[in-house]
Amino acid sequence: MSSYDTALAADPEVASLIGQELNRQQTTLQLIASENFTSPAVLAASGSVLTNKYSEGYPGRRYYGGNQIIDEVEDLARTRATDLFGAEHANVQPHAGANANLAAYQALLEPGATILAMRLDHGGHLTHGSPASIVSKFWRFVSYGVTPESHDEANPGEVIDFDQVAHLAKTEKPALIVAGSTAYARVIDPRPFREIADSVGALFMFDAAHPAGLIAGGAHPSPVGIADVVTLTTHKTLRGPRGGAILCGRELAKKIDSAVFPGLQGGPLEHVIAAKAVAFAEAAKPEFRQYAAQIVVNAAALADALDGQGFRLVSGGTDNHMLLVDLRPFDADLTGKEAQEVLDRAGITCNRNTIPDDPRSPFLTSGLRLGTAAETTAGMGVAEMQVVADLIVRTLEARTDEGEIAAVRSEVGALCAAFPPYPDLVA
Ligand SMILES: *Cc1c(COP(=O)(O)O)cnc(C)c1O
């Protein structure tokens, strides 16, 4: 029993909901690529009294009194972030990855400037130019995508089209080029982006929201020192609290800091910043390197197992923590939406996703995105990935067979019981 459960006895309604959600996380498979299980230490820091403190400004330059200890908290988080990533400067205040991106754009660009980023339907994030995002009101977005699918096994296509990036950089003259994606299963090498940016005098931002933990753990190349600015989330592969951070060189530190506060946010969430500090220290440990490597091994194992069952893997496989599965060769009538819903009923949590040039709408989709970061944290390995693939296949084959779905649900329960993410927490 953790202390917050005890304290929440005063509010049985909320306590019950938290208990139910803990139970859901403990008893169903979490395969959403942007999720993870934070450590109890991260949970404790983010549920601490630091939430009470107003600390607008930065360590040593606050607009409120009483920030001596808070300054130490934020300094610790900043130092741990710069040590972990080898960066000159870190801003740990962004409330989320989207805020980090918005602040970086605001720091680097004049209104109306052109940004070259990834197409949303090829895996770009809302903040990379969705008409529905506020970013599109301030800046002009031009987008690059992935190369077409190819049937050559050695070169399966659907990788970032650097010829297109270079061409658009020349013709559209962006002030900023953005690398990074929400649904790209391959390594994103920062160097060709840097070369293209330099060739047209553009700045280069690497949005590491997804691979931040893989970079910290040495499983993926680091963009730090190559990109002008690196933005990240702390809650995806990095396994910290929900939040964002920005890394940059000394020369941009002031601009980035003032773009976050007062440019975009008010008071920072110091309880979350303390939890970020905990996560940065955890990610600096040798065990985290093993963890990052295991995430990648597990994703490859899951991809291989699904590949053998009639699914097509976008880009032919994975180098990171996620796979994008094209459902059409498995069953031409199965949409991502239906797959997500039936898997949910079987206790397998994932999300539908467009595949490049998806003939279906983003609401229906032809793809599923699966990620291994969370269940790797829970201790699953290659053998379990084979079991997970089999459970996915059985569920998708038995879409109208409630008995079989219930049978899968109970096997999912047994598998999850052997790998509880929070063995010491009781719902
Ligand atoms: C998740 C994500 C973000 C935004 O993170 P939030 O914390 O949800 O705001 C930004 N960029 C990319 C590429 C992402 O995948």
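Me: What volume does the second largest cavity have?
Reply: Good place to start! This is a predicted model, where local features need pLDDT of at least 70, side-chain atom pairs count only at pLDDT 80 or more, and totals for chains, interfaces and linings use all residues. Residues are numbered from 1 along each chain as its sequence is written, and side-chain values use heavy atoms, leaving out hydrogens and water. The second largest cavity (grid points, 1 Å apart, where a 1.4 Å probe fits but cannot get out) has a volume, meaning the space filled by probe spheres set on those points, of about 70 Å³.

Me: Which charged residue is in its lining?
Reply: The lining residues (an atom within 4 Å of a point) divide into seven nonpolar, two polar and one charged. Asp, Glu, Lys and Arg count as charged, Ala, Val, Leu, Ile, Met, Phe, Trp, Tyr, Cys and Pro as nonpolar, and the others as polar.

Me: Which residues come closest to the centre of the largest cavity?
Reply: The largest cavity holds about 120 Å³ of space. Its lining has 16 residues, of which eight are nonpolar, six polar and two charged. Those closest to the centre are Arg186, Ile188, Pro211, His220 and Asn320.

Me: Which domains supply the lining of the largest cavity?
Reply: The domain assignment, which is automatic or from a database, gives the chain two domains, 46–283 and 294–418. At least three lining residues come from each of them. The lining of the second largest cavity also draws at least three residues from each. For the largest cavity, then, the suppliers are domain 1 and domain 2.

Me: How many residues does domain 2 bring to the contact with domain 1?
Reply: The centres of the two domains, taken over C-alpha atoms, are separated by 28 Å. Domain 1 gives 20 residues to the contact (heavy atoms within 4.5 Å). From domain 2, the number is 22.

Me: Which residue of β15 is the bridge partner of aspartate 326?
Reply: Strand β12 covers residues 322–326 and β15 covers 367–371. Five bridges join these antiparallel strands. The partner of aspartate 326 is glycine 367.

Technical notes. On a 1 Å grid over the protein atoms alone, a cavity is a set of points where a 1.4 Å probe fits but cannot get out, and a pocket is an open set with protein on both sides within 12 Å along at least five of seven lines; lining residues have an atom within 4 Å of a point. Two strands pair if DSSP finds at least two bridges between them. Helices (H or I, at least four residues) and strands (E, at least two) are DSSP runs, numbered from the N terminus.
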